[in-house]
Amino acid sequence: QEDLFKNVISHAKEYGYIFASSEIYDGLSAVYDYGQNGAELKKNIRDYWWKSMVQLHQEIVGIDAAILMHPTTWKASGHVDAFNDPLIDNKDSKKRYRADVLVEDHAEKILQKAQKEIEKARKRFGEAFDEEQFVNTNERVQRYLSERTEILERLGRSLTNEDLKDVKALIEELDIADPETGSRNWTEVRQFNLMFGTKLGASSETASNLYLRPETAQGIFVNFSNVQKTGRMKIPFGIAQTGKAFRNEIVARQFIFRMREFEQMEMQYFVRPGEELKWYEHWKEVRQKWHFSLGLGEENYRFHDHDKLAHYANAATDIEFNFPFGFKELEGIHSRTDFDLKAHEEFSGRKLRFYDPELKENYVPYVIETSIGLDRMFLAVLSASLKEEELEDGSSRTVLKLPAILAPYKAAVLPLVKKDGLPELAQEIIEELKWDFNVQYDEKDAIGRRYRRQDASGTPLCITVDHDSLEDRMVTVRYRDTMEQKRIPIAEISKVISEETGF
Ligand code: ATP
């Protein structure tokens, strides 16, 4: 698993997907740039989300709010007072950690111990091994698993000020050491606000303090009435948005999983008070279907329902994905009640209500939110798609089995040789295709090497032009995943690409 993660990171760089930001200056911690292939993949994920959420739902519309917002927004939303992560420093090494992540990682190690025992037994008993029975009867495995559950339960998910002492006590009791230095000399746990501050205005005396938005949601809440009135929207309806968000994360590890500048894809769905839990279940299902539709493997997803809820929520779940470092949050689905709209009413003095013609009643709607990190989705797609395959002839190939609809290039057009009019015919084909698809031309190296290169960068189809093509106007299509090859008329290429890579 660790190797897979390293491979994903180096593959992402080698094939122009992701670079460290300002790399020539040794990079900026937890900030990344998307390269020529990465920008396309990211755009395709965003489009796939937008089409599914906005285009396919008559009652959902999209907006694009500004990153900079009036500073009172963040007082109303609670971010000034409560958008904190628990921070702990190591007194010896001066290294800093998120206290809850330290405990969670410890619990994860205990889980790994249990899994190792299971793996050992599986090897020993072979075919006869029954995992369920083994877990039920093996005391040590049971102890590991229940210890882990207990730790996670005691840690909870959302930590208040009072909880911080408990977390520190938990770190001491579990005898957790600094993972980098082994030292156990910790400071107290304290809250650290994650918002990035900035200034509006030129002179320092008159400039006012602003924040870079830590989530896109508030841009939707403050525009609730604008959209509802101008779009004549009737409840239930949704407002969707994609855009950058910024968080000064304490520990930014794990590549693009936790970044300081990242992109969110969020949708707030406004419903009648009292109907929110029905819609919450509905959106859990819809979002799960969206994920499954990409074919990354249903076993790679699971729900994690929250027991301990944030102050604004009355139900919440994470859709977790099996990243190369284990199951972690990919998307959050929250029933946010009327907390945000009410708070903005209070702070702005403006009414944020809906007149329900059926109920003949004015009310502040309740909100179900679906919130997914575009970069995390990118990492999920990339890590589930990267495969090292053994071929029948004993050789191996690296192939990026991206869902075809998300692939940066849908096809590569390749002249078999660089002469005899083949490059010209290939270019002619590209001239036709380029209006509908992102296609690539490649004439360098032997055809086998070019296929491998396209496999590794994730192109679903290769179209090869050979000498016969000049006579019969037919080309060879090669499929990335099966490596199957088929002869088709030039006139049908477009149809084949559409079928293979369409929405
Ligand atoms: P975490 O517990 O991992 O810090 P969160 O619960 O704070 O995440 P939310 O505030 O619910 O996350 O944000 C919604 C989504 O935005 C997350 O599910 C995740 O996909 C994405 N996200 C949040 N923080 C980051 C980050 N620092 N880098 C990349 N994506 C992020």
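The model is a predicted one, so a few ground rules apply: local features need pLDDT of at least 70, side-chain atom pairs count only at pLDDT 80 or more, and totals for chains, interfaces and linings use all residues. Residues are numbered from 1 along each chain as its sequence is written.

The protein chain is assigned domain 1 (1–79 + 194–401), domain 2 (84–193) and domain 3 (409–501), with bounds that come from an automatic or database domain assignment. The centres of domain 2 and domain 3, taken over C-alpha atoms, are 51 Å apart.

Contact here means that the C-beta atoms of two residues, placed from the backbone, lie within 7 Å.

Now for the ligand. It is surrounded by 16 residues, of which Phe262, Gly332, Ser371, Gly373 and Arg376 are the closest; a residue is near a molecule or strand if its C-beta atom, placed from the backbone, lies within 6 Å of it. Two or more residues of the shell come from each of β10 (261–271), β13 (326–337), β16 (366–373) and α13 (374–385). Strand β13 gives the largest share, with four residues. Sorted by class, the shell holds four nonpolar, four polar and eight charged residues. In this sorting, Ala, Val, Leu, Ile, Met, Phe, Trp, Tyr, Cys and Pro count as nonpolar, Asp, Glu, Lys and Arg as charged, and the others, Gly among them, as polar.

Another open sheet has three strands in the order β5-β4-β6, all paired antiparallel. Strands β5 and β6 stand at its edges with a single partner strand each, so one side of each has no neighbour in the sheet. Neighbouring strands are turned by 45° against each other on average, direction ignored. Helix α5 packs on this sheet, touching β4 and β5, and its direction makes about 70° with that of β5. Between β4 (residues 84–89) and β6 (residues 190–193) there are four bridges; Asn84 stands opposite Asn193, and Asp85 has Phe192 as its bridge partner. Three bridges link β4 to β5 (residues 96–98), with Ile88 partnered by Tyr97. Six residues lie between the strands of this β4 and β5 hairpin, where Lys94 takes a positive phi near 65°.

Helix α5 (residues 99–125) also meets helix α8 (residues 163–173): their axes come within 10 Å and cross at roughly 35°. The crossing is left-handed, meaning that the near helix is turned anticlockwise from the far one by less than a right angle (clockwise would be right-handed). On the α5 side are Ala99, Asp100, Leu102 and Val103, which meet Val167, Leu170 and Ile171 of α8. By class, this contact has six nonpolar residues, no polar ones and one charged.

Strands β17 (residues 386–390) and β18 (residues 396–400) run antiparallel and are joined by five bridges, with Leu386 partnered by Leu400. Their hairpin has five residues between the strands, and Gly394 there takes a positive phi near 90°. Asp26, in the loop between β1 (18–20) and β2 (32–34), has a positive phi near 75° despite being a residue other than glycine. Finally, the peptide bond from Ile235 to Pro236 is cis, with omega near 5°; Pro236 lies in the loop between α10 (224–230) and β9 (237–246).

Key: Two strands pair if DSSP finds at least two bridges between them. Axes are lines fitted to C-alpha atoms, for helices over the stretch in contact, and angles run from 0 to 180 degrees between N-to-C directions.
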